[in-house]
Amino acid sequence: MNITIDLDSYTCSNDRLEAIEYLLHNNVIFKINLKNPYFETIKGKYNIDIIKEEGDIIYFIVRSDG
């Protein structure tokens, strides 16, 4: 079962990268707005696969190879 974590949500960690690291090896789909400045950092640090795009919202997973 996959869960979706909204990286734009105020209930998410203040450090989005910390949240990703903590949940990295679980079956997690991450959701983030393209305009969120963390998105560029995430793309640079991790190998991601974009699963779905809904307007400015991107759903992605972090590939197991990093």
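**View 1. Arg63 and Asp49 form a salt bridge, with their closest N and O atoms 3.7 Å apart.** A salt bridge is a side-chain nitrogen of Lys or Arg within 4 Å of a carboxyl oxygen of Asp or Glu. Arg63 lies in the segment after β4 and Asp49 in strand β3, so the pair ties together parts that are 14 residues apart in sequence. Helices (H or I, at least four residues) and strands (E, at least two) are DSSP runs, numbered from the N terminus. Arg63 has 33% relative accessibility and Asp49 has 30%; both count as partly exposed, a class between buried (under 20% relative accessible area) and exposed (over 50%), with a 1.4 Å probe and protein chains only.

The model is predicted: local features need pLDDT of at least 70, side-chain atom pairs count only at pLDDT 80 or more, and totals for chains, interfaces and linings use all residues. Residues are numbered from 1 along each chain as its sequence is written, and side-chain values use heavy atoms, leaving out hydrogens and water.

View 2. Lys43 is partly exposed, at 39% relative accessible area.

**View 3. A salt bridge joins the side chains of Lys52 and Glu54.** The N to O distance is 3.4 Å. Lys52 is partly exposed, with a relative accessible area of 39%, and Glu54 is also partly exposed, at 43%.

**View 4. Four strands form an open sheet in the order β1-β2-β4-β3, with mixed pairing.** Two strands pair if DSSP finds at least two bridges between them. β1 (3-6) and β3 (48-54) stand at the edges, each with a single partner strand, so one side of each has no neighbour in the sheet.
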